[in-house]
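Thank you all for coming; I would like to walk you slowly through one model this morning. Please keep the picture in view while I talk.

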Amino acid sequence: MADVPKLLEELSSLTLLEATELAEILKKKWRPPEVSLADIKRDLPHWPDAVIELWLFYLANRNAGDTGWPPPEPLGNHAWAAILGYRPLSWWREVSWKRETTDCGFANLCPGTKVIVAQVLMEKASGTIDEETGRRFKKGADYLMKNGVFEKPLVAIRLPDGLSILDGNHRISAFCGLQETPAELLEPRGLKKPALEQDLWIGTHNGGEVPLDYPPGL
């Protein structure tokens, strides 16, 4: 827990210039979200709040500022196009969600997610992983080793050739990496090898359709 009196003392000793600079940093770093969960829920009224919060809410407010809400229709070349699997918002309204416990092993992932996982693990092993990816990978791995489960359920669509992870690619990469780690290396340190079956949100389109890998017509 933070030492509040000490923190207040340090803040009170700041010069006016230092205080102004700190205020600007905090303003940029902790700006309130421009898109609320209610804004997204208005367009996807039947979606569970948890799925919106885990997946779309963060992306609608990401620092790049290239998403916002709602996505345009048609999507065209907008940033939402690839995120939404080149399917418009009207298509996603026909997706229903269910919490399931399912095998998340590498063999049960779709080819697209396998490529992402393999890339992250290769960069991790070679030391070429970027700082943000490394931080998120480590956070996911640390939680999995201590608790044996994901900190929050992944969000996925089940395709004919495996699970497509919509939210949680860093965590599924950490998960797959840990599956290759012998339990005897973890247990003496009080750590756990996560079970293959994990809790996920699984989406299913009412018409049996799936997201696309490329824009229609390519």
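This is a predicted model: local features need pLDDT of at least 70, side-chain atom pairs count only at pLDDT 80 or more; totals for chains, interfaces and linings use all residues.

Let me begin with a question: does Glu100 count as buried, partly exposed or exposed, going by its relative accessibility? At 22% relative accessibility, Glu100 counts as partly exposed, where buried means under 20% relative accessible area, exposed means over 50%, and partly exposed is what lies in between, using a 1.4 Å probe and protein chains only.

Residues are numbered from 1 along each chain as its sequence is written, and side-chain values use heavy atoms, with hydrogens and water left out.

Staying with Glu100, this residue forms a salt bridge with Arg158, with the closest N and O atoms 3.3 Å apart. Glu100 lies in strand β1 (residues 95-103) and Arg158 in strand β2 (residues 154-159), so the pair ties together parts that are 58 residues apart in sequence. Arg158, at 40% relative accessibility, is partly exposed.

Arg42 and Asp39 meet through their side chains at 3.3 Å, N to O, and they are separated by about one helical turn, because they are 3 residues apart in helix α3 (residues 37-43). Arg42 is exposed, with a relative accessible area of 58%, whereas Asp39 is partly exposed at 24%. Lys41 and Asp49 also form a salt bridge, at 3.0 Å from N to O, and here Lys41 is partly exposed at 25% relative accessibility, as is Asp49 at 40%.

Let me return to strand β2. Of its 6 residues, 5 are buried, so the strand is largely enclosed by the rest of the structure. β2 pairs in the parallel sense with strand β4 (residues 197-205) over 4 bridges, and Leu154 stands opposite Leu200 in β4; two strands are said to pair if DSSP finds at least two bridges between them. β2 and β3 run antiparallel and are joined by 5 bridges, with Leu159 having Gly162 of β3 as its bridge partner, and a hairpin connects β2 to β3 through 2 residues.

Strand β3 (residues 162-167) includes Asp167, which counts as buried at 14% relative accessibility. The Asp167 side chain makes a polar contact of 2.9 Å with the side chain of Arg171; a polar contact is a pair of N or O atoms within 3.5 Å, where, within protein, one must be able to donate a hydrogen and the other to accept it, and residues adjacent in sequence count only if both atoms are side-chain atoms. Not counting residues up to four places away in sequence, Asp167 touches Leu54, Trp55, Leu154 and Val155, contact meaning heavy atoms within 4.5 Å.

Now to helix α8 (residues 131-147). At 1.5 Å a residue its 17 residues should span 24 Å, and the end C-alpha atoms are 24 Å apart, which agrees; the expected span is 1.5 Å times one less than the number of residues. Which residues of α8 are buried? They are Thr133, Gly134, Phe137, Gly140, Ala141, Leu144 and Met145. Seen down the axis of α8, these buried residues fall within an arc of 135°, so they line one face of the helix, the arc being that of the directions from the helix axis to the C-beta atoms. What covers them includes α7 (111-126), α9 (169-179) and α10 (183-186), while the face turned away from the buried side carries the exposed residues Glu131 and Lys146.

At the start of α8, a side-chain oxygen of Asp130 comes to within 3.1 Å of the backbone nitrogen of Glu132, and just after the helix Gly148 takes a positive phi of about 80°.

Methods
A salt bridge is a side-chain nitrogen of Lys or Arg within 4 Å of a carboxyl oxygen of Asp or Glu.
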